[in-house]
Amino acid sequence: MDAGSITVNGGSLDFYTFGGGSRNLVILPGLGTRSVCYSAMSVAAGYGIFTEDYTVWVFDRRAQMPLDFSIREMAADVAAAMRELEIGDADVFGASLGGMVAQYLAAEYPELVHALVLGSTAARMNPVILRIAAQWAEAAEKDRLGAFTEEMLRQLYSPATLARFGSAVFRVNDGLTVTERRRFAVQARAIIRLNTYDILDRIRCPVLVIGVEGDRVVTADASREIAEKLGCELYLYGTDYGHCVFDEAPDYRQRLLEFFRKSRGE
């Protein structure tokens with residue numbers, strides 16, 4: 001595994017890469033309080049089925065963001081990084097906020113994206129997303145993320161998954177720096193302003209939308225709306241999983257791999 005940072009558009013993005021395949025898989029994670037590199041080892045282990053065919057790239061958002069930084073600008077950073085690192089014709093998986101970034105990436109930089117999976121994400125706001133994103137932003141801005149973590153994780157994961165994690169997971173946001181809290185709040189506020197719905201028809205690559213009926217963050221209807229607009233394949237998990245079904249369902253990554261292989265005629 002290799003990790004580093006790259007400066008594009010005046011900002012620095014953390015990333016890491018693993019695998020030795022000739023194809024590229026770009027993973028755009030959801031909103032987090034820390035650099036993506038904190039979870040690099042567990043992600044690499046979880047996506048081991050890709051490493052023979054793919055070189056996998058995981059990109060964070062930039063370390064320092066203006067208060068009004070947008071999801072479209074996050075996508076522009078990823079596109080610039082991909083070009084600088086000579087990553088093209090990539091299969092792209094975007095989860096949650098990463099799926100919002102991925103929509104802009106596929107719509108506005110189509111030459112970089114071969115096929116796309118959008119997991120637990122949305123194209124525009126609904127009352128549930130607005131309430132959740134505002135809660136998260138306010139908790140970060142008022143230095144209450146530590147105390148708010150348990151509620152946040154209960155919004156993100158199923159009870160069964162949290163039981164496996166144990167109570168120690170509720171302290172995961174203890175000790176956040178001012179910079180980390182501010183960065184989290186900027187991204188949450190950017191979600192509130194999201195609207196890719198009117199440019200979805202510019203996405204021409206194969207797309208799979210994966211949602212979950214038990215999603216308490218963006219709702220299953222948000223996944224249905226994207227799939228209906230694109231006329232693409234939709235798969236919905238049931239109520240046994242939460243918003244972070246991509247970390248919970250044991251067949252999730254195999255489902256990604258099979259879709260990407262099918263998109264290449266395999």
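Is Thr196 buried or exposed? I looked this up before anything else. At 0% relative accessibility, Thr196 counts as buried; the cut-offs are under 20% relative accessible area for buried, over 50% for exposed, and partly exposed in between, with a 1.4 Å probe and protein chains only.

**Entry 1: ground rules.** The model is predicted, and I kept to its limits: local features need pLDDT of at least 70, side-chain atom pairs count only at pLDDT 80 or more, and totals for chains, interfaces and linings use all residues. Residues are numbered from 1 along each chain as its sequence is written, and side-chain values use heavy atoms, with hydrogens and water left out.

**Entry 2: Thr196.** I placed Thr196 in the loop between α7 (178–192) and β7 (207–212). Helices (H or I, at least four residues) and strands (E, at least two) are DSSP runs, numbered from the N terminus. Leaving aside residues up to four places away in sequence, I found Thr196 touching Met100, Gln103, Tyr104 and Ala123. Contact here means heavy atoms within 4.5 Å.

**Entry 3: the sheet.** I then traced the strands. An open sheet of 8 strands runs in the order β1-β2-β4-β3-β5-β6-β7-β8, and its pairing is mixed. Two strands pair if DSSP finds at least two bridges between them. At the edges I noted β1 (2–8) and β8 (233–237), each of which pairs on one side only. From one strand to the next the twist averages 20 degrees. Axes are lines fitted to C-alpha atoms, for helices over the stretch in contact, and angles run from 0 to 180 degrees between N-to-C directions.

I went through some of the pairs. β1 and β2 (residues 11–18) are antiparallel, with 7 bridges; there, Ile6 has Leu13 of β2 as its bridge partner. β2 and β4 also run antiparallel, joined by 5 bridges, and Leu13 has Arg62 of β4 as its bridge partner. β3 and β4 pair in the parallel sense over 5 bridges. Between them, Arg23 has Tyr54 of β4 as bridge partner, and Val26 stands opposite Trp57 in β4.

Why is β4 largely enclosed by the rest of the structure? I counted its burial: 9 of the 9 residues of β4 are buried, so the strand is largely enclosed. β3 is mostly covered, with 5 of its 6 residues buried.

**Entry 4: helix α3.** Which strands does helix α3 touch? I found α3 (residues 97–108) packed on the sheet, touching β3 (23–28), β4 (54–62), β5 (90–95) and β6 (113–119). The direction of α3 makes about 140 degrees with that of β5.

**Entry 5: the largest pocket.** Rolling a probe the size of a water molecule over the atoms shows where empty space is left. I used a 1 Å grid over the protein atoms alone: a pocket is an open set of points with protein on both sides within 12 Å along at least five of seven lines, whereas a cavity is a set where a 1.4 Å probe fits but cannot get out. About 1300 Å³ of space lies in the largest pocket. That volume is the space filled by probe spheres set on the points, which are joined across faces, edges and corners.

The lining has 49 residues, and Leu31, Gly32, Ser39, Tyr157 and Asp247 lie nearest the centre of the pocket; a lining residue has an atom within 4 Å of a point. I sorted the lining into 30 nonpolar, 12 polar and 7 charged residues. Ala, Val, Leu, Ile, Met, Phe, Trp, Tyr, Cys and Pro count as nonpolar, Asp, Glu, Lys and Arg as charged, and the others, Gly among them, as polar.

**Entry 6: positive phi.** I looked up two non-glycine residues. Asp89 has a positive phi of about 50 degrees and lies in the loop between α2 (71–84) and β5. At 43% relative accessibility, Asp89 counts as partly exposed. Thr219 has a positive phi near 80 degrees and sits in the loop between β7 and α8 (220–230). Thr219, at 17% relative accessibility, counts as buried.

Entry 7: Glu180 lies in helix α7 and counts as buried at 16% relative accessibility. Leaving aside residues up to four places away in sequence, Glu180 touches Thr33, Arg34, Tyr38 and Gly175. Asp201 lies in the loop between α7 and β7 and is partly exposed at 42% relative accessibility. I recorded 7.3 Å between the C-alpha atoms of Asp201 and Lys229, which are 28 residues apart along the chain.
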